[in-house]
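Have a look at the structure first, then read on.

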Amino acid sequence: MRLTEITDARGRKRYLAFQRNLYAGDPCYVCTSSFVLRELLEQTTPFARACQVVPVMVEEGGQVLAQAMLIFHPSLPVLQISFFEALEGQQRAVDLLLEETKRRAKSLGVSRIVIGLNAHISYGVGILAQGFSHKNTFDSLYNKPWYAGYFQGLRKDTLSTYREEKKSAAGRLPTASPRVEVCRSDLREFYRETERMRALCEQTIGQTHLYYPTQEGHFYHLMKDLRPFLRDEHLLFAKNQAGEDIGFLFWHPDFNEMLSGGREHSLLSIGAAWLLKRNQITTAKLNAIGSRSPAATVALLQEFDLLTGDRYSWLETNFVWDNNLPSTRLNHYLLGEPHRKYEVYWIDGL
């Protein structure tokens, strides 16, 4: 058994093939998350190039047993084990991966390792631990059910996503304040509007666990492939009486609903599915919300409900840290118990 670092195009091709073969035929897996993986693996954006990215594989007898990207960004003083994948029953291979990560962390002068953060929380965070019976929604992570077992005994943080009938959730919304105005974005100015969103992220979500500051263009590069599928209504801004931005809400249809699981999809095939099946999507995905006041949060949610009306039967959130008590309480109140549970693991004191 040996661990190797991926340094060339042939190795990157093998890396992608392992993930593709691992999920082939799995109806709960949709490949849309692999676009972000490729971005980091091939370092095609300014953010990806600002990261130190070391893809590694553990092999035996020519067979890949486990793989991950070891990622370090100078704004977050931890070494990340990102995009982790492994066959079932391969604890020795995973332990070898962990030992190599510890060695590299010490060489970088960092004392902590985090497992399950994919470079930045805007790119994805968490190892799925509960909730394997549903196809993953767009921009939520999915993995094989044995992954969490590889890291038991390590310190962990937990996250949840929530799902509820949209009509039921809407009936619990409080009344919005007239002092807050909500407006749609103007996606003809996509770069400007994503920068506006980024500025609000830094002021609001910037306080979230494991978030670290982003550079100009971060969300533009992250979201640009999604641009053909977005309308102005999908990005909302809240303003106070002085006309200042005090919150945002980013939502979209669950694009994964129109795609079959367990196979690869190109941007072209996703576009074709959008043209043919978009009216069949039943779930609205509340991807991100950042607010500087409770009044702005309520106003954004009320506007989201008015815009979507009865177009969607279900509402699902992106991840929420369980230790974020205000957000957790709000989601419990509006949406009930968690739908999926995720975990992030730590190795400390290196």
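Is Glu 164 buried or exposed? Glu 164 is buried, at a relative accessible area of 18%; buried here means under 20% relative accessible area, exposed means over 50%, and partly exposed is in between (1.4 Å probe, protein chains only).

Before going further, some ground rules. This is a predicted model, in which local features need pLDDT of at least 70 and side-chain atom pairs count only at pLDDT 80 or more, while totals for chains, interfaces and linings use all residues. Residues are numbered from 1 along each chain as its sequence is written, and side-chain values use heavy atoms, with hydrogens and water left out.

**Salt bridges**

Glu 164 has a partner: Arg 172 forms a salt bridge with it, and the closest N and O atoms are 3.8 Å apart. To count as a salt bridge, a side-chain nitrogen of Lys or Arg has to sit within 4 Å of a carboxyl oxygen of Asp or Glu. By that rule the model has 21 salt bridges. Arg 172 is partly exposed, with 30% relative accessible area.

| Pair | Closest N to O |
|---|---|
| Arg 172 and Glu 164 | 3.8 Å |
| Arg 192 and Glu 193 | 3.4 Å |

In the second pair, Arg 192 counts as partly exposed at 45% relative accessibility, whereas Glu 193 is buried at 2%.

**Cysteines**

How many disulfides are there? The count is 0, taking a disulfide as a pair of cysteine sulfur atoms within 2.5 Å. For Cys 31, the nearest cysteine sulfur belongs to Cys 28 and is 15 Å away. Cys 31 counts as buried because its relative accessibility is 0%. Cys 183 is in no disulfide either, as the sulfur of Cys 201, its nearest, is 16 Å away. Cys 183 is buried too, with a relative accessible area of 18%.

**The cavity**

The structure holds 1 cavity of 30 Å³ or more. On a 1 Å grid over the protein atoms alone, a cavity is a set of points where a 1.4 Å probe fits but cannot get out, and its lining residues have an atom within 4 Å of a point. The largest cavity has about 40 Å³ of space, the volume being what is filled by probe spheres set on the points. Its lining is made up of Leu 16, Gln 19, Arg 20, Ser 34, Arg 38 and Glu 264. Helix H1 (9–23) and helix H2 (34–42) each supply at least two of the lining residues, and H1 gives the largest share, with 3 residues.

**The whole chain**

The chain has 10 helices and 14 strands, which are DSSP runs: H or I of at least four residues for helices, E of at least two for strands, numbered from the N terminus. Of its 350 residues, 56% count as buried. The C-alpha atoms fill a box of roughly 65 × 45 × 35 Å along the principal axes.

Methods
1 Å grid on protein atoms, 1.4 Å probe; cavity = no way out; pocket = protein on both sides within 12 Å on 5 of 7 lines; lining within 4 Å.
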